[in-house]
Amino acid sequence: MRDVGVRLGSTVTAIFVIGWISIASADEACLTSAQSELERLYCEVVERGGGAGLPSQVDFRRNDRNVQALLLRQPAKRLGLTLPEVSASPEPRSEPELTTLSHEPTNEPVSEPPIAQRLAGCHLRGKVIQCSQAVYELADNRTLASLGDGVLEPSSRLGIVPFDGKRSDDEAVRSYLSAAYDRYIPKMLAIGLGANTMSFTAFHNAFHTLESGGVDFSERMERAYELLKLDRKNLNVTTGKHDDLPENLSLCDTINRDVIVCDNVGTNWVFVRANQ
């Protein structure tokens, strides 16, 4: 079982993608801090009331430009705003610092978890994790044409169940989020966004922030997933993303027999069993 005090953390990059937290209305500070046309469009969408379901400004910046465009496509269209053309070369922009959302969630690794028993005897070799019985390859984003049949249809749901315990019960929260995260990662892989997943810490932080604000975590995540599916039908994302790699397997944990997730708080990496 994952421990929130443990490191499994990053953002979606969070797309969600990483990062689906309620955001305050945009103001002049948002526009002043915007570093690209997409970030300025984000501020305008929020200011005009179209930011429901979008990540916070900080989490929005952590996504690459193609994913930012994907996130803004529908909200901008509804408001009659023009989406800037996204070129292949990225715009230079500084990486924002991780910030603590409240006293409950934390973006800081507190303790080093043990490597999952299934990783004993495995070796990290660049974009591959070599184990005695299997090889796991780093997942990048996939093209629309490569996705499986039906994965973008309404019947393909994220399917995280609502939390029915008390948020003050740390054990119940850890158990719930561990099961929810183990479902979320394969679902993100299914729609071709393996390179833009939330870390467990970002996932945990989103849960506490949303639930403390009276927003059902499972419903908001489902809405976000539906938005991603809808936009994936109309907008491809870059297939490559990772410029760096995890340093060692102490940053990794297993999702299931086919998926391993690694992170260093700043970046999330998903490795998928080859020849499945």
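Predicted model: local features only at pLDDT ≥ 70, side-chain atom pairs only at ≥ 80, totals over all residues.
Residues are numbered from 1 along each chain as its sequence is written, and side-chain values use heavy atoms, with hydrogens and water left out. The chain holds seven helices and six strands, where helices (H or I, at least four residues) and strands (E, at least two) are DSSP runs numbered from the N terminus. Of its 276 residues, 51% count as buried, a term that stands for under 20% relative accessible area, with exposed meaning over 50% and partly exposed in between (1.4 Å probe, protein chains only).

**Element order and helix 2**

- Read from the N terminus, the elements follow the order α-α-α-α-β-β-β-α-α-α-β-β-β.
- In helix 2, which spans residues 37-47, the buried residues are Leu38, Glu39, Leu41, Tyr42, Cys43, Val45 and Val46.
- After helix 2 comes glycine 49, which has a positive phi near 85 degrees.

**Packing of helix 6 against helix 7**

- Two packed helices are described by the angle between their axes and the distance between the axes.
- For helix 6 (residues 200-212) and helix 7 (residues 217-232), the axes come within 9 Å and cross at roughly 115 degrees, the axes being lines fitted to C-alpha atoms, for helices over the stretch in contact, with angles that run from 0 to 180 degrees between N-to-C directions.
- The contact (heavy atoms within 4.5 Å) brings Phe203, Ala206, Phe207, Leu210 and Glu211 of helix 6 together with Phe217, Arg220 and Met221 of helix 7.
- The residues of this contact divide into six nonpolar, no polar and two charged, with Ala, Val, Leu, Ile, Met, Phe, Trp, Tyr, Cys and Pro counted as nonpolar, Asp, Glu, Lys and Arg as charged, and the others, Gly among them, as polar.

- Leaving aside residues up to four places away in sequence, phenylalanine 203 touches Ile160, Leu177, Ala180, Tyr181, Tyr184, Met198, Phe217 and Met221.

**The loop between helix 5 and helix 6**

- Asparagine 196 is found in this loop and is buried, with a relative accessible area of 0%; its side chain is joined to that of asparagine 141 by a polar contact of 2.6 Å.
- Threonine 197 lies in the loop as well and is buried at a relative accessible area of 2%, while its C-alpha is 7.0 Å from that of isoleucine 185, 12 residues apart in sequence.
- A polar contact of 2.8 Å joins the side chains of threonine 197 and asparagine 268, where the term denotes a pair of N or O atoms within 3.5 Å; within protein, one must be able to donate a hydrogen and the other to accept it, and residues adjacent in sequence count only if both atoms are side-chain atoms.

**Glutamate 211**

- Glutamate 211, in helix 6, counts as partly exposed at 21% relative accessibility.
- Not counting residues up to four places away in sequence, glutamate 211 touches Arg167, Asp216 and Phe217.
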